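Subject: Structure for you to look at

Hello,

Here is the structure I promised. Please open it first, then read my notes below it.

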Amino acid sequence: MTDYKDKKIVITGGTHGMGFATAKLFTDLGASVIITGHNEQRIKTAQEQLGARALAIRSDASSLADIEQLATAVATHFGKIDLLHINAGYSILELFSQVTAASYDKTFDINTKGAFFTARQLSPLINSHGAIVFTTSIANNSGYAGMGAYAGAKAAVTAFMRVLAAELAPAGIRVNAVSPGFISTPTMGVYGATQAELAAFEALGNTITPLKRHGHMEEVAAAVKFLGFEATFTTAAELTVDGGLSHRLTLPQ
Ligand SMILES: NC(=O)c1ccc[n+]([C@@H]2O[C@H](COP(=O)([O-])OP(=O)(O)OC[C@H]3O[C@@H](n4cnc5c(N)ncnc54)[C@H](OP(=O)(O)O)[C@@H]3O)[C@@H](O)[C@H]2O)c1
């Protein structure tokens, strides 16, 4: 059994949704956690809810300067860390014909460039036998209409996750990804969607997911904990947490 009391964990995008649920799981287990977010109010609320074992820092995942400052803050507060969970993400529903250069850049800046340079800046702080867990998405190999830029941005993360797994293997650091399907979070991972769009998205998820429901944030948190601390012979893997959706299951009729 892992004793989490001495564990030090960084979670980007930890103020909300599944990143927050993961931070809560680890602080409840006694670990110390640094979380990041963008929105000041959500940072404040998350800090209040997580208490003294957590430190919530404003750090824009799309800003290389903020990522550098985050690395300095993590080194100052924690020294070395045991798990880096790169979870901050952003998507909007846009058909190919609607994607602008600005929305494309924002999607790639947060999901891809941010993830890459967070790994680049913070991986030197990871203890030998520590781990990185990225959050990707089953959108990265699915073909959902309206998710073109997002799917490409997350697919890139899967690709460089594997290369990083190779490069950090000699240091005993494992690098994996958790790939959620339809998960009930306040935004459902989609920014700016109307209530009607979210309801339609939810109904779609419950229909097409073989387990016939959405996943819970806590089920993703459990997968992050598994990849981060328990799956000690697993690296370069992308673990789907999607109720079977991406595996083309044929259900009994
Ligand atoms: N929900 C799903 O069904 C689903 C499915 C597949 C993959 N995912 C992925 O899973 C991850 C978490 O999704 P979620 O549904 O839990 O999302 P969420 O509730 O919207 O939370 C996203 C987190 O990322 C942070 N974030 C967003 N933009 C940021 C930026 N520029 N800089 C720093 N932090 C930023 C948010 O902070 P602020 O609130 O301060 O912006 C928040 O803490 C994302 O990577 C998402 O793409 C979600």
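The largest pocket holds about 920 Å³ of space. A pocket here is an open set of points on a 1 Å grid over the protein atoms alone, where a 1.4 Å probe fits, with protein on both sides within 12 Å along at least five of seven lines. The volume is the space filled by probe spheres set on those points.

This is a predicted model: local features need pLDDT of at least 70, side-chain atom pairs need 80 or more, and totals for chains, interfaces and linings use all residues. Residues are numbered from 1 along each chain, and side-chain values use heavy atoms, without hydrogens and water.

H1 gives the largest share of the lining, three residues.

What sits in the largest pocket? The ligand does, as more than half of its atoms lie within 2 Å of the grid points. Around the ligand are 30 residues, each with a heavy atom within 4 Å of it. His38, Asn39, Arg42, Tyr150 and Thr185 come nearest.

Now look at the backbone. A polar backbone atom of Asn39 is 2.5 Å from an oxygen atom of the ligand. For Met18, a backbone N or O atom lies 2.8 Å from a ligand oxygen. For Ile183, the distance is 3.1 Å, again from a backbone N or O atom to a ligand oxygen.

Best wishes

Key: Polar contact = N/O pair within 3.5 Å; in protein donor to acceptor, adjacent residues only side chain to side chain. 1 Å grid on protein atoms, 1.4 Å probe; cavity = no way out; pocket = protein on both sides within 12 Å on 5 of 7 lines; lining within 4 Å. Helix = DSSP H or I, 4+ residues; strand = E, 2+ residues; numbered from the N terminus.
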